[in-house]
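Subject: Structure for you to look at

Hello,

Here is the structure I said I would pass on. Please open it alongside this message.

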Amino acid sequence: MHRRFAQLDVFTDEPLYGNPLAVVVDGDGMTDDEMARFANWTNLSETTFLVPPTDPSADYRVRIFTTSGELPFAGHPTIGSCRAWLDHGGVPATAGSVVQECGVGLVTLRADGGRLAFAAPPLLRSGTVEATAIAEIEAAIGIDVIDAAWADNGPGWIAVEVADADAVRSIEPDFRAVPHLKLGIVGSAHADDGDYDVEVRAFYPDGRVHFEDPVTGSLNAAIAMWLMERDASLQSYVARQGTALGRDGRVHIERGDSGQIWVGGDTVTLITGTVSV
């Protein structure tokens with residue numbers, strides 16, 4: 001069966017500098033096994049499948065797969081899937097606002113010109129990280145941790161702050177002693193660093209190997225909730241991610257009037273067509 005397909009670069013306005021995403025726009029009728037096999041075949045960090053919603057409040061439902069399993073939520077697949085849905089004729093029930101259904105429930109997106117932003121979902125786990133875990137993290141990344149918190153909105157992130165953006169970029173981690181750790185690292189930029197305020201890196205396990213994610217919406221959403229709860233005066237900032245991988249992603253964080261945190265990013269569509277699956 002021929003199904004509409006798109007491949008996008010997310011959290012960038014310049015092709016090949018963000019985080020790629022494959023989207024099967026016509027995912028309805030595919031089995032779990034077919035979705036998993038196709039996602040494994042694309043060999044991207046995530047592949048999504050758009051299907052009819054089960055909740056009448058949603059405009060569409062998305063299934064999010066890595067090469068090895070399904071995720072309840074992820075940020076760059078949320079923004080990229082919404083862009084593909086809109087570009088392939090999706091019309092939201094409420095103009096200017098798209099409601100996505102996924103494993104964690106309903107996620108609202110808004111358009112800011114050509115840029116999409118999703119409402120950061122609530123954390124499933126927050127709070128302090130045990131001292132023993134911080135010691136293990138410091139041993140794995142080779143530098144001191146200034147602060148740390150659970151920042152789990154689905155994938156299971158622990159977020160840590162280090163001295164500055166230079167320290168973030170310098171890390172050459174060794175996760176052999178903590179093989180299941182899902183770690184986000186953030187450090188403040190210097191005044192002359194350019195058009196961003198913090199540098200972010202994300203590391204996650206897949207089997208026995210840790211990978212670094214180019215630009216991570218779920219982690220940046222969770223970090224934003226942590227940083228903005230810690231500093232009530234912080235209203236917006238821009239995160240850069242992907243430097244160590246030759247990428248140059250930008251994640252735009254904003255606290256809305258109601259206190260809702262929005263996580264925004266640009267998208268570039270590189271491939272459109274059909275796939276036979």
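Predicted model: local features only at pLDDT ≥ 70, side-chain atom pairs only at ≥ 80, totals over all residues.

Domains

At the interface, 20 residues of domain 1 are in contact with 20 residues of domain 2. About 1400 Å² is buried between domain 1 and domain 2, and 53% of this lies on carbon and sulfur atoms. Of the area that domain 1 buries against domain 2, Phe11, Tyr17 and Phe73 supply 33%, more than any other three residues. Strand 2, helix 2 (75-87), strand 8 (115-119) and strand 16 are the elements that give two or more residues to the side of domain 1 touching domain 2.

Phe11 sits in the loop between strand 1 (2-10) and strand 2 (19-24). Its phi is positive, near 70°, and Phe11 is not a glycine. Most residues other than glycine have a negative phi. Phe11 counts as buried because its relative accessibility is 1%.

Among the residues in contact with Phe11 is Asp266, which also contacts Asp9, Val10, Thr12, Asp13 and Arg115, leaving aside neighbours within four places in sequence. Asp266 is in the loop between strand 16 (261-265) and strand 17 (267-276). With a relative accessibility of 18%, Asp266 is therefore counted as buried. The side chains of Asp266 and Arg115 are joined by a polar contact of 3.2 Å.

Asn43

Asn43 also has a positive phi, about 60°, without being a glycine. This residue lies in the loop between helix 1 (32-42) and strand 3 (47-51). Is Asn43 buried or exposed? Its relative accessible area is 60%, so Asn43 is exposed.

Helix 3

In helix 3 (residues 131-141), the buried residues include Ala133, Ile137, Ala140 and Ile141. These cover an arc of only 85° around the axis, so they are on the same side of helix 3. Ala131, Thr132 and Ala139 are exposed on the other side of helix 3. The buried residues of helix 3 pack against strand 10 (158-161) and strand 11 (183-188). After helix 3 comes Gly142, with a positive phi near 80°.

Regards

Note on methods:
Residues numbered from 1 in each chain as written. Heavy atoms only, no water. Helix = DSSP H or I, 4+ residues; strand = E, 2+ residues; numbered from the N terminus. Buried < 20%, exposed > 50% of the residue type's maximum accessible area, 1.4 Å probe, protein only. Polar contact = N/O pair within 3.5 Å; in protein donor to acceptor, adjacent residues only side chain to side chain. Contact = heavy atoms within 4.5 Å. Arc of directions from axis to C-beta. Buried area = accessible area lost by both parts, 1.4 Å probe.
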